[in-house]
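Dear colleague,

Please find below the structure that I am handing over to you, followed by a short account of what was found in it.

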Amino acid sequence: LCWNMADDSDDLFNFRLEVIKSGVKIDYIFWDDLTKQHPIRAIELLELMCDEDSHNRLNARGRWVDHDTECIEPLALSHPQQILEKFLPFLNQYFSIIECDPYKWSHEYASRTSFEMFIYKGVFTIVTKASENMVSKPIELFQLLNPFTQNSNLVFNSIFANKLINLHTNY
């Protein structure tokens, strides 16, 4: 397989996804190249990382870092609707099934696992920026947010409330 996923053909990328799903670890993802050249592939990999086992296979360094977040942020500008469609349901489900410490999810320097750091630094950031980039499409943003109004989890409601700020008062 190519060292840089951005150089994969469509067939090779799909094969790579199957290999990852079967349990093979990936040494490194060049998020900046992948985001620029194949944003949908980057979103697919991020979605795959929302499974903790897959996350561990895709994050060989063992830690999501600020540089990774900076590299994926352009996805929130170029594909905000797809970001919200993929990651709001994940956050809703994740914070519906876990008992969580509000401190861990509200303070930058709280102690987190690698997977939790991915959620905190990566997913929270792109979801926030995607909702900001949907301000000019309030109907679509409302439709994306509306299904998640019933989650009673404090952490999810904090995330959700920050997305509602981007809706016009008519909604």
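C50 has a relative accessibility of 12%, so this cysteine counts as buried. Please note that the model is a predicted one. C71 is likewise classed as buried, because its relative accessibility is 9%. The cysteine sulfur closest to that of C71 belongs to C50, but it lies 18 Å away, which is too far for a bond, given that a disulfide requires sulfur atoms within 2.5 Å. The disulfide count is 0.

The remaining findings concern helix packing. Two packed helices are described by the angle between their axes and by the distance separating those axes.

Helix α6 (residues 80-97) packs against helix α8 (residues 114-132) at about 135 degrees, and their axes are 9 Å apart. This angle makes α6 oblique to α8. Their crossing is left-handed. On the α6 side, the contact is formed by P80, I83, L84, F87, L88, F90, L91, Y94 and F95. On the α8 side, it is formed by F115, E116, I119, V123, F124, I126, V127, A130 and S131. Sorted by class, this contact contains 16 nonpolar, 1 polar and 1 charged residues.

Helix α6 also packs with helix α3 (residues 39-48), here at an angle of about 15 degrees and with the axes 10 Å apart. The two helices, α3 and α6, are therefore roughly parallel to each other. α3 crosses α6 in a right-handed sense. The residues that meet are I43, L46 and E47 from α3 and Q82, I83, K86 and F87 from α6. This contact comprises 4 nonpolar, 1 polar and 2 charged residues.

With kind regards

Technical notes. Residues numbered from 1 in each chain as written. Predicted model: local features only at pLDDT ≥ 70, side-chain atom pairs only at ≥ 80, totals over all residues. Heavy atoms only, no water. Axes fitted to C-alpha atoms, helices over the stretch in contact; angles between N-to-C directions. Helix = DSSP H or I, 4+ residues; strand = E, 2+ residues; numbered from the N terminus. Parallel < 35°, antiparallel > 145°, perpendicular 65-115°, else oblique. Left-handed = near helix turned anticlockwise from the far one by under 90°. Contact = heavy atoms within 4.5 Å. Nonpolar A, V, L, I, M, F, W, Y, C, P; charged D, E, K, R; others polar. Buried < 20%, exposed > 50% of the residue type's maximum accessible area, 1.4 Å probe, protein only.
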